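The sequence and structure come first.

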Amino acid sequence: MSGDFKLEKNGNANGKIFNGLNGHQPDLDKKAFQENFEPTPLHAAILTYLGYAIITVFGFIRDLMRKYHIEKLHAATEDPEMKDFVPLYASFESFYTRNMYNRIQDVFNRPVCSVPGATIDIVERKFSNSGWTSEYTGKVLKNVINLGSYNYLGFAENEGTCTEAAIVTAKKYGAGVCSSRQEIGNQDIHMKLEQTMADYLDVEACIIFGMGYATNSTNIPCLVDKSCLILSDGLNHASLVLGCRLSGATIRVFKHNDMEDLERKLSDGVVYGQPRTHRPWKKILIIVEGVYSMEGSIVNLPGVLALKKKYKAYLYLDEAHSIGALGDHGRGVTEYFGIHASEVDIMMGTFTKSFGAAGGYIAGNRALVEHLRAHSHSACYATSMSPPVCQQILTSLSIISGTEEGRNRIKQLAKNSKTFRQGLKKIGYIVYGNDDSPVVPTMIYLPCKIGAYGREMLQRGFAVVVVGFPATPIVESRVRFCMSAALTDEQIEKALKAAEDVARVLKLDYSADKSLSC
Amino acid sequence: MEMDKPWIVAEAIQSALQAPFYHFILEGLLVIWILRLIFSKSYKIHQKETLTKKEKEELVGSWQPEPLVPPLEKTLAKTRPYRLVSGQVGKNIVVDGYKCKNFASMNFLGLVGNKRVEEKIEKCIRTYGVGTCGPRGFYGTFDVHLELEERIAKFIGAEEALIYSYGFATIASAIPAYAKRGDIIFVDEAVCFAIQKGLQASRSKIVYFKHNDMNDLEDKLIEQEKIDKKNPKKAAVIRKFMVVEGIYMNTGQICDLPKLVEFKFKYKVRLFVEESLSFGVLGDHGRGVTEHFNIPVSKLDLVVACMEYSLASVGGFCCGRHYVVGHQRLSGMGYVFSASLPSLLARAAIEGLNISEENPDIFAQLRQKAAFLQDLLKGIKGIELVGYPESPCFHLRRLHPVTPEKDLKFLHDVVNKCMKNGICITVASRLKEEFLSEWPASIRIAVSVEMSEEDLDEAARVIRHAVEEACNKCKGS
């Protein structure tokens, strides 16, 4: 699978990399890199803008009514003792929250009271006064099929080997560690996990951290500084953006997965150097993600690697959603493309999604990992990972990498993703992203349908994630289905039936070409 | 008057024809010069000169970046390897093979290894699994989190509390949620690194005041007031904040909360207090620095703490009034964009709170033991003790500093010697990037309420012996 895939030969003469592999297929039965972003239909765009305009107008009216006490103000207000202080929030800042988000609050923050596996128990809430006040009805909606949690390989379980091992470790080590890695928080279980993870990824070394978000925000500043250039994909996660900002480096954003734009910016970076002084940059770091969770797209890794080699940049790959979920052995986007992990300078990932735990890691060659051990903000000041969580990762890793069960889970996930995606396309949804990604975003566009979709699916017994502004562009609200290896074929069937039903009710079959599946 | 127009034109043509020949030449030259100036590119010093493709390729080919990280040998030579703890970090730990009493982990209430907590964790894992598989907005909100938030709010006496999944990220996300570019934050210079990252992320103007020096703070506030008076319109939109810690991680000192609350109302500056080391330590019921000084929590704008020390769990919380805390549910970056706290850790924290509420004298005992140990260590020659007398977390610094490297080596010698003799202490880890990186190196000692008087006596004895040996070695060398 790896090693004999040469990027330098085969078609880089004209600089265009078509289909990600330029026709060179390492595995003949592997599909070509195919991503789909059907453009917004005109009528949907117009209706979306119109919808937002109407909501905004009503928002202004309601705000006025609240200001003149015609309507009761339910929101919390500042302490009367502090009325002379400068207001904490600009009144327009929370306009969106007050007038749009509040009305559909019942589809967000749904409280859960069971393991987030294939089915989930949701605590029912009732909202009144346009979403301002809420109360628990006392009922629990049991066995709602879970299409929203990040449970790609189905390790969110409360029984089985992982659970038993985690309990044993909790009894042996306790919950917390109360100290940082550099002081007295480095336990044998952490070292074991780091070694296991490094072996799994086939790299020299690995270092783990207690939180995935903090992994990015506390380590990127250790690798680059003020006189470095960062080229960041337009759709990078907030933690990557924060890490880049905290480092002080110059950040240039390139269009999502657009290799030509990236090449242009790389070339400009190397040729013209730093702004104004034109001194050369010390380092150039390209930051991309393996799978983008809002788009469902997979990074064009061969393309990025080719550019990286040509311009001598370094590559930081955030595999939060792709580790465990892509590749025949779950090794992530590098295995998916048949590239060896050592080609990527910095491999970062999180344990939250595919391993059913929490935390993050950075893997690479030993010089990198030792440097991070000494200089990472998290290793020096933040506490280390909790031991039962480490054990969960160790057990799930041993299942994924060594056993038949692990291979079955990976196969089931790939099958589920494919079936579900094709099913949605047949119904007529516009589905974004790559056919192989376990994240399946479908477009809703209209703001009123965001809340409606969440509610309709819950009525039919499905928990879905609907996202609007500001996580997505304002007119591209979507439903994001997360596939799981724990979902059985029947559950996927039922989900597709429900999706079809809701599409009919809410008129969500925007896709121009209903035969997009092959 | 239309009649005049054709007449004026005719007159103009006639006068032109009558002009001498050199006029034409001069004016022709002027016109040509003007046209040239219009159409030629103006000279700019910083103009990007377009390079040819070949030149660009040459530049690309010849550019050599710095290596991503320093070479392995260099990194290994400059740093010490991690110490390996085999097993639990409870009262007794095994570090690098040595059996020691643990005076390094900040396990103040001794909750690591508590059987009740472990039972509850087991039940929790059998109900919820380990991970929560999602952020709070998308099916990552468990009833355990909601229960923990309610309990913390009740325990401290605030209206609402919010849980983060990592202690470091708590204060680093809370500050930028409120303070934006253009705002002003008055910060004590000894604040911990997480706060510094929060300040950096907020992009506000930072004004440092001398550590725990209320007069210096007042001077700076008065200065800002003067600037505000000059430009009241601008001042009406600039928010001002003060960020302090209850007990400072870097020095072990306690902040002067009554004075700070007085400043808050006098100068209209909002007050954020970071209580990681004072939550579960100060106050009759362990509510923190507000209970210690008998100030209602509602007088503070935000109380932030991490549950990784007293509650021996993982994560952090922010609490305060609904108006202030509710904002973070949509704009706290570490809250919205990160997976929620694993439920077993939330359950461990709740059980920690239960245990604290059932034995409220545990806090007074902890402070008493801390004061006892501090007394014993005060008299040791060669080191100075820094910290609030009742704080279970305090620092030992070299009394007569030589150079930073030599002092660090001295402290490491002391630590190693103590470890060989069965007492585990640690040098406080710091990075060069921290503000005031030239802050003197120190050993941070953490007292746990589980320690008996004999343990404290033994610790003092071993540390005294180690310091004496290290001092003699220095004198000898």
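Buried area is the accessible area (1.4 Å probe) that two parts lose on being put together, summed over both. By that definition, about 10000 Å² is buried between chain A and chain B, and carbon and sulfur atoms give 64% of this area. The model is predicted: local features need pLDDT of at least 70 and side-chain atom pairs count only at pLDDT 80 or more, while totals for chains, interfaces and linings use all residues. Residues are numbered from 1 along each chain as its sequence is written, chains are lettered from A and ligands numbered from 1 in the order in which they are written, and side-chain values use heavy atoms, with hydrogens and water left out.

**Interface of chain A and chain B**

- A:Glu183, A:Ile184 and A:Tyr381 supply 8% of the area that chain A buries against chain B, more than any other three residues.
- Contact (heavy atoms within 4.5 Å) involves 113 residues from chain A and 113 residues from chain B.
- Between the two chains, 45 residue pairs are in polar contact, both residues being at pLDDT 80 or more.
- A polar contact is a pair of N or O atoms within 3.5 Å; within protein, one must be able to donate a hydrogen and the other to accept it, and residues adjacent in sequence count only if both atoms are side-chain atoms.
- On the side of chain A that touches chain B, 62 residues are nonpolar, 28 polar and 23 charged.
- In this division Ala, Val, Leu, Ile, Met, Phe, Trp, Tyr, Cys and Pro count as nonpolar, Asp, Glu, Lys and Arg as charged, and the others, Gly among them, as polar.

**Salt bridges**

- A salt bridge is a side-chain nitrogen of Lys or Arg within 4 Å of a carboxyl oxygen of Asp or Glu.
- The rule gives 62 salt bridges over all chains, and six across the interface of chain A and chain B.
- B:Arg270 is bridged to A:Glu78, with the closest N and O atoms 2.8 Å apart.
- A:Lys171 and B:Glu122 form another salt bridge, at 2.4 Å from N to O.
- A:Lys171 lies in helix 3 (residues 161–173) of chain A and B:Glu122 in helix 5 (residues 115–128) of chain B, so this pair joins two chains.

**Strands and sheets**

- Helices (H or I, at least four residues) and strands (E, at least two) are DSSP runs, numbered from the N terminus, and two strands pair if DSSP finds at least two bridges between them.
- Strand 2 (residues 111–112) of chain A pairs with strand 4 (residues 141–142) of chain B in the parallel sense over two bridges, and A:Pro111 has B:Thr141 as its bridge partner.
- In chain B, four strands form an open sheet of mixed pairing in the order 1-2-3-14, with strand 1 (85–86) and strand 14 (423–424) at the edges.
- In chain A, an open sheet of three strands has antiparallel pairing and the order 13-16-15.
- Strand 13 (439–443) and strand 15 (465–467) of chain A each have a single partner strand, so one side of each is left without a neighbour in the sheet.
- Strand 15 and strand 16 (residues 478–482) of chain A are joined by three bridges, and A:Val465 is the bridge partner of A:Arg480.
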